[in-house]
Amino acid sequence: MDISLKDPSLLRSAMLIGGQWVQADSGETLDVRNPANDALIARVPKGGAAETRRAIEAAERALPAWRATLAKERSAILRRLYDLMIENIDDLALLITSEQGKPLAEGRGEVLYAASFIEWFAEEAKRINGEIIPQNLPGRRILVQKAPVGVFAAITPWNFPAAMITRKAGPGWAAGCTGVIKPASQTPLTALALGALAERAGLPAGVCNVVTGSAGAIGGELTANPTVRKLSFTGSTEIGALLLEQCAPTIKRTSMELGGNAPFIVFDDADLEGAIRAAMMAKYRNSGQSCIGANRFLVQSGIHDAFVARLAEETAKLTVGEGTTEGVAIGPLIDAAAVAKVEEHIADAVSKGATIAAGGARHALGGSFFEPTVLSGVPRNALIFAEETFGPVAPVFRFDTEEEAIALANDTPFGLAAYVCARDAGRIFRVVEGLEFGMVGVNEGLISTEVAPFGGVKASGLGREGAHVGIEEYLETKYVALGGI
Ligand code: ADP
């Protein structure tokens with residue numbers, strides 16, 4: 001087991017249920033491996049429906065007391081959790097890099113981003129205001145109160161093992177909800193470490209439960225159990241649709257942050273170097289394994305050749321390697337299936353006439369390392385236009401007019417993030433207004449922040465995370481018609 005933490009007690013190989021660290025009923029475990037070298041890092045319990053049910057019951061037992069705490073008290077506990085995350089940033093970043101593969105600097109960046117949601121919602125906890133509406137009848141008062149939805153479930157993916165948890169659990173706990181977290185099987189260690197820190201911060205037993213193991217069995221219980229009133233999921237559209245279906249019989253509130261197919265549009269009047277900086281960020285962060293990662297570069301004819309040349313040049317400078325090695329910009333992909341998809345997308349594009357301007361193949365390091373790749377002259381019938389690659393491949397498509405760019409950008413069932421590089425203010429507004437996406441970066445390649453609402457339209461999901469609306473997703477509205485006074 002090749003990981004050495006400053007605080008070894010953050011490496012947990014048990015689930016957190018009702019304040020107890022427990023194994024699976026069956027005693028079975030799942031191996032957690034480092035995608036950079038396939039080394040075994042730890043074994044975590046392979047929990048299923050029964051353990052999940054107990055976690056839900058623990059959350060239900062903890063709910064009345066947690067819901068009744070003053071917002072100020074919840075806020076103080078969450079603030080302590082934020083402080084603990086920052087104090088333990090080295091260990092958390094190393095856990096993320098070890099089980100997920102991203103460069104350590106990005107792991108640290110993720111811890112800061114993850115912690116920012118806890119800080120933000122610690123503050124928002126105190127601003128859950130109701131409303132008094134002018135009465136419609138004499139002698140009556142109309143009050144609107146906000147109340148926590150109850151027990152929530154959070155099912156999270158492997159690409160951001162810390163941030164996807166805090167973006168859900170942060171507002172949940174701040175609102176007065178208790179919950180059950182189910183991390184991706186590839187990245188349970190970060191989630192368990194967060195569970196340990198949540199305990200240390202003073203979250204009472206049962207407020208934070210973390211179950212690891214069989215996605216189908218755990219997800220089945222989380223969605224079917226009527227005690228769970230809210231499900232927040234980040235992952236593929238396919239699994240999101242399945243979970244929505246499973247939530248339908250018990251009419252749960254849901255937030256769904258699903259797949260994307262982000263266009264990155266560069267107009268002739270864009271600042272070339274600014275566009276390249278934004279493109280490098282939007283494309284290669286996390287080796288392209290981000291749901292808001294640029295997936296289709298749409299570049300206007302006048303700037304096309306210069307953009308391709310500079311993008312290829314910068315891409316070729318990126319160092320590929322293990323995330324713990326100094327100076328590495330591109331870590332391994334999560335697994336062999338991810339590499340196969342990248343290879344399939346490149347082969348398909350090339351077979352339809354695209355040319356490789358940088359990279360294009362598996363990296364000499366072997367395993368799931370892949371060369372960051374730029375493709376130009378990609379035809380619109382290429383698979384990579386229609387599907388999310390989730391890897392370090394930048395396919396460039398050429399266009400001529402603004403209308404064409406908007407039509408191409410919107411020609412996808414997805415609508416999460418889009419990027420636009422241009423200087424003309426009129427054009428920027430027209431294009432932003434024409435884009436059917438939940439988030440648009442204008443001359444910006446890094447748009448994620450806890451202060452802004454994150455989420456998509458169309459097949460990219462339902463609801464928003466972060467910002468003030470992020471906490472609304474965990475609140476019910478109760479209207480009181482108060483008469484006889
Ligand atoms: P990814 O491609 O990011 O792995 P998935 O949608 O497959 O996306 O998985 C995201 C999360 O959903 C992970 O935690 C995974 O374990 C979980 N998951 C996958 N299948 C199911 C399922 N049938 N029910 C519940 N959760 C699932």
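Two strands count as paired if DSSP finds at least two bridges between them. I took strands (E, at least two residues) and helices (H or I, at least four residues) as DSSP runs, numbered from the N terminus.

**Entry 1: the model.** I worked on a predicted model, in which local features need pLDDT of at least 70, side-chain atom pairs count only at pLDDT 80 or more, and totals for chains, interfaces and linings use all residues. Residues are numbered from 1 along each chain as its sequence is written.

**Entry 2: the sheet.** I looked up the pairing of β12 (residues 262-266) with β18 (residues 417-421) and found it parallel, over 3 bridges. F264 stands opposite Y419 in β18. I then traced the open sheet of 7 strands, which has mixed pairing and the order β14-β15-β16-β13-β12-β18-β19. At its edges stand β14 (355-358) and β19 (439-442); each has a single partner strand, so one side of each is left without a neighbour in the sheet.

**Entry 3: strand β16.** I found β16 joined in parallel to β13 by 4 bridges and to β15 by 3 bridges, also parallel. V299 stands opposite R398 in β16, and V374 has A394 of β16 as its bridge partner. Because 6 of the 7 residues of β16 are buried, this strand is largely enclosed by the rest of the structure. I called a residue buried if 20 or more other C-beta atoms, placed from the backbone, lie within 10 Å of its own.

Entry 4: Helix α10 (residues 301-316) lies across β12, β13, β14, β15 and β16, at about 140 degrees to β13. The axes are lines fitted to C-alpha atoms, for helices over the stretch in contact, and angles run from 0 to 180 degrees between N-to-C directions.

Entry 5: E257 is found in strand β11 (residues 253-257). Is E257 buried or exposed? E257 is buried, because 28 other C-beta atoms lie within 10 Å. Leaving aside neighbours within four places in sequence, I found E257 in contact with T234, G455, G456, G461 and E465. Contact means C-beta atoms, placed from the backbone, within 7 Å.

Conventions. A residue is buried if 20 or more other C-beta atoms lie within 10 Å of its own, exposed if 12 or fewer, and partly exposed in between; C-beta atoms are placed from the backbone. Two residues are in contact if their C-beta atoms, placed from the backbone, lie within 7 Å.
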